Amino acid sequence: MKARRQLVPTPEQALAAIAAPAPGVRELQILLSPAAADLLEPMARRAEQLTRRHFGRTISLYVPLYLSNYCTGGCIYCGFASDREQPRRRLEKRDLAGELKALKARGFDDVLLLTGERTPEADFGYLRDSVAAAARRFHNVTVESFAMTEREYAELIRAGCTGVTLYQETYDPVLFRQLHRWGPKRNFQFRLEAPERALAAGLRTVGIGALLGLADPVSEAVHLYRHAEFLRKKHWQAGVLVSFPRICAQRGGYRPRFTLSDAFLAQLIFAFRICLPDVPLVLSTREAPAFRDGMAGVGISRMSVASRTSVGGYRHAPSTGGQFEVNDARGVRAFCQALKKKGLEPVFKNWDSVFQESD
């Protein structure tokens with residue numbers, strides 16, 4: 001029996017996908033194909049229209065706060081992997097209070113707390129207590145950390161957590177085990193099902209993504225889209241966010257198998273906005289200022305700002321190395337000015353636009 005030959009999408013099909021009233025995975029695949037590579041302008045116009053319709057002219061801003069760089073994981077692409085030689089520390093109660101105070105003074109009311117994989121120094125109890133401390137100051141407290149049980153997610157909710165971000169890194173199970181050399185993160189299925197457990201526990205939002213560069217980006221994007229759609233259908237009352245982290249320089253010198261150009265990353269973001277018109281799409285300070293400015297409001301509706309990827313670092317100079325290099329090092333004021341020039345409103349908390357006159 002002859003294998004069915006896959007048809008190569010045409011530019012005409014790509015134009016039809018851009019204008020489709022109810023696009024799905026088929027349209028996403030067409031929009032990620034070479035047939036759409038020369039159609040970035042019409043894709044951008046459609047993405048901007050949909051972003052404006054569902055999110056207005058606002059860009060929701062959040063700030064990441066690294067609680068600890070202790071880690072038991074052997075992720076070959078991560079600067080926090082347990083075989084990386086660097087000073088390790090965690091924020092103690094007094095340090096954490098100082099960092100939270102410094103962030104609050106900058107106008108933030110949306111903080112993302114991060115740790116490495118579960119360790120004795122930064123275990124679930126430490127994370128839960130840190131969430132409780134942040135929730136006393138911030139309206140929106142989310143967590144990006146190790147995969148947890150449904151019961152643990154429920155405990156985080158009681159402590160004041162509103163959402164979880166958890167990247168699958170790669171949806172290829174064979175590659176996943178090769179990249180995660182040791183540690184509990186090697187359990188592909190447990191991590192894959194963690195966002196569903198988080199929503200089942202009652203968290204308001206869950207953020208997902210693939211670390212772009214580890215595997216074929218088109219295949220990863222299709223799996224990511226299907227993951228998002230599964231979560232949205234099963235937990236329709238909650239919110240799903242999609243991020244597009246692209247590998248950048250980190251300790252260990254890992255070189256990704258795939259290189260994503262700015263043009264293709266833009267194509268990917270536009271495709272997701274067209275196919276998921278009402279889903280918040282997130283872009284971090286991994287990306288350069290010019291690219292972030294171009295994507296703001298044109299697909300992207302949520303962004304980090306003034307990030308530090310080392311433990312603490314907002315009140316005093318960081319004393320540890322970062323998880324990865326930040327490419328957009330602008331402070332709050334400079335970044336908000338860039339948004340204002342585009343006619344966009346920076347939103348630091350629910351429905352309040354705040355423009356900081358100084359960092």
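Because the model is predicted, local features need pLDDT of at least 70 and side-chain atom pairs count only at pLDDT 80 or more, while totals for chains, interfaces and linings use all residues. Residues are numbered from 1 along each chain as its sequence is written, and side-chain values use heavy atoms, with hydrogens and water left out.

Let me start with the cores, meaning sets of buried Ala, Val, Leu, Ile, Met, Phe, Trp, Tyr and Cys residues joined through side-chain atoms within 4.5 Å, where buried is under 20% relative accessible area with a 1.4 Å probe, protein chains only. The largest has 95 residues, and V111 and F244 are among those with the most contacts inside it. Helix α11, residues 262–275, gives the most to this core, with 10 residues; helices here are DSSP runs of H or I, at least four residues, and strands are runs of E, at least two, numbered from the N terminus. A second, separate core of 17 residues includes Y77 and L211.

Turning to helix α5, residues 124–135, its buried residues include F124, L127 and A134, and among the elements covering its buried residues are α4 and strand β2. A134 is also in contact (heavy atoms within 4.5 Å) with V111.

Finally, R330 lies in the loop between β8 and α13, and it counts as buried because its relative accessibility is 18%. Its side chain makes polar contacts, that is, pairs of N or O atoms within 3.5 Å, one able to donate a hydrogen and the other to accept it, with residues adjacent in sequence counting only if both atoms are side-chain atoms: one with the side chain of D293 at 2.9 Å, and one with that of D328 at 2.7 Å.

Note on methods: Buried means under 20% relative accessible area, exposed over 50%, partly exposed in between (1.4 Å probe, protein chains only). Lists of a residue's contacts leave out its neighbours within four places in sequence.
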